Amino acid sequence: MKIVLAGNPNSGKTTLFNNLTGNNQHIGNWPGVTVEKKEGILKGKKDITVVDLPGIYSLSPYSLEEVISRDYILNENPDVIINIIDGSSLERSLYLTTQLIETGIPVIIAVNMMDVIAKKQDVIKSDLMGKMLNCPVVEITALKSHGSEELINKALEVAKQEYKFRPVVWYSQEIEEVIKLISEKIKDKVDEEKLRFYSIKVFEKDEKVLGDLKLNIEDFKEISEKIKIIEEKNDDDTESIITQERYAFIKRFVGKVYLKNKLKMQNISLKIDKVLTNKYLGLPIFVVIIFLVYYLAISTVGGLLSDFVNESIFGDNGLPFIVSGWLESINTWPWLQGIIVEGIIGGVGAVLGFLPQMFVLFLLLGILEESGYMARIAFILDKIFRRFGLSGRSFFPMLMSTGCGVPGIMATRTIEEENNRKVMIMTTTFMPCGAKLPIIALIAGAMFRTSPIQWLIAPSAYLIGIAMIIISSIILKKFKGFASKASPFIMELPDYHLPSYKTLAFHVYHKLKSFVKKAGTIILLAAVIVWLLSNFSWSFKMVDDTNLSILASLGKLIDIIFAPLGWGDWKATVATITGLIAKENVVSTFGVLYGFAEVSEDGAEIWMLLATDFTALSAYSFLIFNLICAPCFAAIGAIKKEMGSIKWTWIAIGFQTGLAYAIALIIYQIGLIFTGVFNFGSIVGIFTLAVLLYLLLRPNKYLNPKIPVQTL
Amino acid sequence: MTNTLDKANINQDYIILKVKGEKQIKRRLMDLGLIPGTKLHVRKYAPLGDPIEIMVKGTELTIRKSDAFNILIETIAED
């Protein structure tokens with residue numbers, strides 16, 4: 001049996017879904033698109049699937065989310081739809097309800113946020129509402145798990161009963177006559193329960209439905225003429241006419257169903273926003289809050305915990321020491337010991353050492369999001385992001401990515417416009433994540449230790465990250481594949497509420513879980529492989545000098561690719577490639593290649609050696625390349641998941657690496673010009689810069705798009 | 001006095017007269033309840049001047065000035 005959850009964004013759908021399915025969830029993407037698909041098994045009932053549809057305001061054919069939802073309901077024949085609505089926005093929420101009912105599938109209304117209504121001392125007459133809409137109404141408070149049981153029982157009851165569809169919204173007589181005519185013409189093409197839905201859609205001139213139904217020409221002409229008469233009479237298009245009649249229907253009874261408390265208490269959220277989105281205080285407060293989040297996550301709480309993990313568990317007297325002692329005592333082969341201690345524990349340990357900082361960061365960002373403040377941030381920052389073709393919602397993924405790119409990429413889900421979402425998925429990892437910090441520290445320490453600009457290196461990495469996101473967005477949006485579809489940016493500002501422990505725990509758990517899973521699988525495997533390749537020569541003998549290893553010879557084969565960037569050295573090449581596994585590896589690999597089995601986080605031991613192989617310019621070029629190029633495997637996996645397609649994953653990685661190459665080339669070659677060198681390389685550098693500037697500054701022919709959304 | 005929403009004054013109540021614009025934009029605006037005859041209250045402008053925060057049918061919405069331009073409004077007296 002299939003139950004479907006449908007409702008507006010911010011209605012509490014996700015909380016309800018979590019209540020109903022617990023941990024039996026499978027989260028993926030709808031095939032080929034960047035929209036999240038959530039499916040689960042009802043708790044305690046193995047044969048009942050619950051599908052969580054994307055948050056939508058209507059079943060029109062204009063956005064991916066709406067098309068996906070509508071297609072699922074009409075084609076997959078769920079047994080019952082649970083329509084979850086925010087009880088305190090009844091008038092708007094019921095707009096979707098009227099459409100859901102028209103699909104012919106039985107609907108149960110779950111009125112959520114009953115606790116908020118009770119606090120306001122408003123009254124909902126659920127029974128009366130049920131009568132007006134001809135469907136059962138159950139009151140719930142998803143955040144507190146109230147009412148879930150009653151809801152499920154009702155849903156099962158409805159699913160098992162015989163359901164006879166009866167229209168609830170009756171339109172004006174002239175419209176009903178046309179609908180009747182349309183129904184006559186299409187009744188052979190659709191199921192009986194769905195006839196009214198399709199007829200109304202034809203009346204609305206819904207492009208997708210018209211395309212699917214393929215009316216014959218005379219029928220189409222006859223219907224079009226009747227439609228035209230009505231449109232001219234009302235001086236409006238039929239879609240708008242229907243929309244207005246739906247709202248009129250709702251307005252007629254909503255006053256009797258939702259009784260507002262006479263005392264007009266000002267909404268607490270509005271009071272809070274008087275400060276938080278205040279004209280003068282809004283921005284400064286935002287800056288302070290973000291600073292606090294980082295301070296707590298990275299420096300204080302998170303930092304302490306991370307240090308503890310790194311020093312005690314993975315430190316000199318910790319796990320590696322214990323395990324290697326034990327392995328030696330049982331006379332394990334040296335190479336196996338090496339794999340286990342240096343490869344697995346060393347490699348994976350470097351990654352897991354970040355876990356505490358990420359835990360705190362995710363927790364704090366989760367609080368910001370769940371409480372409703374994130375929407376305010378998007379509101380405050382939108383004007384800035386607008387300049388680059390993005391929206392205020394892009395800020396959140398960027399913020400997340402400074403901790404770790406994996407949840408940063410996942411956070412792009414909240415971006416409504418599909419092409420903006422794609423652009424953010426491709427560029428959010430330009431923000432230096434926690435794992436890239438050691439690389440920055442390494443270069444700053446090795447090459448700029450005595451330089452007056454040393455303190456600039458780290459901030460420059462963040463600035464360049466932000467600049468790259470902006471530049472990429474501008475460049476990409478001038479290409480057809482990324483041009484914005486004509487959709488307005490309208491966002492709801494939900495009421496503030498205290499996040500529940502459960503939801504927070506869910507959030508943080510899921511984010512950490514995917515991170516740890518990758519560490520346990522891909523990173524583990526890759527760490528082992530890298531260790532083997534760097535410790536063995538082609539004749540499968542262990543070597544002490546890494547220069548003779550398989551990895552070295554492979555590196556020497558391809559290092560020439562990076563010569564134009566100033567660092568065509570096999571060690572740098574190999575370090576960069578191991579950075580694909582986990583960015584921290586860049587530092588540890590350099591360590592291994594320069595002869596140190598273990599190095600500290602910023603690689604202080606190898607600064608002298610590094611300085612002989614790089615110049616300041618080539619080192620900076622190396623840094624920038626590694627910060628911008630394709631992210632670690634875990635992040636690439638996240639990109640694939642969010643893009644929902646392999647083709648786009650390759651496009652993303654290709655773009656990032658290509659851009660990284662171009663920028664590093666420009667930095668190095670043009671930097672050289674300033675030192676008095678001018679050769680063929682300089683010309684290539686200038687040419688690359690010219691190409692970049694052209695892509696950046698050329699006119700955007702997609703600025704006023706009339707491109708319809710592609711249908712699935 | 002008729003005007004477009006992007007030029008509305010803060011703390012003022014308005015009634016929507018008409019919604020213009022391309023099909024997709026218009027539909028989106030109307031789906032959210034911005035239809036002729038609906039009352040809305042302009043709460044504030046964002047600190048940087050855009051978007052606008054309005055209250056419609058019990059919900060706080062933020063809308064960009066360039067999209068608000070599509071909504072024709074008229075002043076009504078505050079209750």
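Predicted model: local features only at pLDDT ≥ 70, side-chain atom pairs only at ≥ 80, totals over all residues.
**Figure 1. Meet the whole complex and the confidence scores that come with it.** Before zooming in, here is what the predictor says about its own work. The complex gets an ipTM of 0.93 and a pTM of 0.83. For chain B, the mean pLDDT is 90, and 95% of its residues reach 70 or more.

**Figure 2. Two neighbouring strands in chain B.** If you want a landmark, find B:Asp13, which sits opposite B:His41 in β3(B).

**Figure 3. One sheet built from both chains.** Now step back and follow the strands across. The order is β10(A)-β5(B)-β4(B)-β3(B)-β2(B)-β6(B)-β1(B), seven strands in an open sheet with antiparallel pairing. At the edges you'll find β10 of chain A and β1 (2–4) of chain B; each has a single partner strand, so one side of each is left without a neighbour in the sheet. Going from one strand to the next, the twist averages 40°.

**Figure 4. Where a strand of chain A joins a strand of chain B.** This view picks out the spot where the sheet passes from one chain to the other. Strand β10 (residues 490–492) of chain A pairs with β5(B) in the antiparallel sense, over three bridges. Look for A:Ile490, which stands opposite B:Ile63 in β5(B).

**Figure 5. The contact between the two chains.** Here's the wider meeting place. Chain A puts in 31 residues and chain B puts in 30. On the chain B side, the elements giving two or more residues are α1 (23–31) and β5 (59–63) of chain B. Which of them gives the most? That would be α1(B), with eight residues.

**Figure 6. A sheet within chain A.** Over in chain A, seven strands line up as β2-β3-β4-β1-β5-β6-β8, giving an open sheet with mixed pairing. Its edges are β2 (25–29) and β8 (137–139) of chain A; each has a single partner strand, so one side of each has no neighbour in the sheet. The twist averages 25° from one strand to the next. Helix α1 (residues 13–21) of chain A packs on this sheet, touching β1, β2, β3 (36–41), β4, β5 (80–86) and β6 (107–112) of chain A. The direction of this helix makes about 165° with that of β4(A).

**Figure 7. Parallel and antiparallel neighbours in the chain A sheet.** For the parallel kind, take strand β1 (residues 2–7) of chain A and strand β4 (residues 49–52) of chain A, which pair over four bridges. There, A:Leu5 stands opposite A:Asp52 in β4(A). For the antiparallel kind, take β2(A) and β3(A), joined by five bridges. In that pair, A:Gly28 stands opposite A:Lys37 in β3(A). β2(A) and β3(A) also form a hairpin, with six residues between them. In the turn, A:Gly32 has a positive phi of about 75°.

**Figure 8. Helices α22 and α23 of chain A, side by side.** Two packed helices are described by the angle between their axes and the distance between the axes. For helix α22 (residues 437–448) of chain A and helix α23 (residues 454–476) of chain A, the axes come within 9 Å and cross at roughly 155°. That makes α22(A) roughly antiparallel to α23(A). Their crossing is right-handed. In the contact, A:Ile440, A:Ile443, A:Ala444 and A:Phe448 of α22(A) meet A:Gln454, A:Ile457, A:Ala458 and A:Ala461 of α23(A). That gives seven nonpolar residues, one polar and no charged.

**Figure 9. Another helix pair, α29 and α31 of chain A.** Helix α29 (residues 616–628) of chain A packs against helix α31 (residues 646–674) of chain A at an angle of about 165°, with the axes 8 Å apart. α29(A) is therefore roughly antiparallel to α31(A). The crossing is right-handed. Among the residues making the contact are A:Tyr620, A:Ile624 and A:Phe625 of α29(A), along with A:Leu659, A:Ile663 and A:Ile667 of α31(A). The contact residues divide into 13 nonpolar, four polar and no charged.

Methods:
Residues numbered from 1 in each chain as written. Chains lettered and ligands numbered in written order. Contact = placed C-beta atoms within 7 Å. Pairing = 2+ DSSP bridges. Axes fitted to C-alpha atoms, helices over the stretch in contact; angles between N-to-C directions. Parallel < 35°, antiparallel > 145°, perpendicular 65-115°, else oblique. Left-handed = near helix turned anticlockwise from the far one by under 90°. Nonpolar A, V, L, I, M, F, W, Y, C, P; charged D, E, K, R; others polar. pLDDT = per-residue confidence, 0-100.
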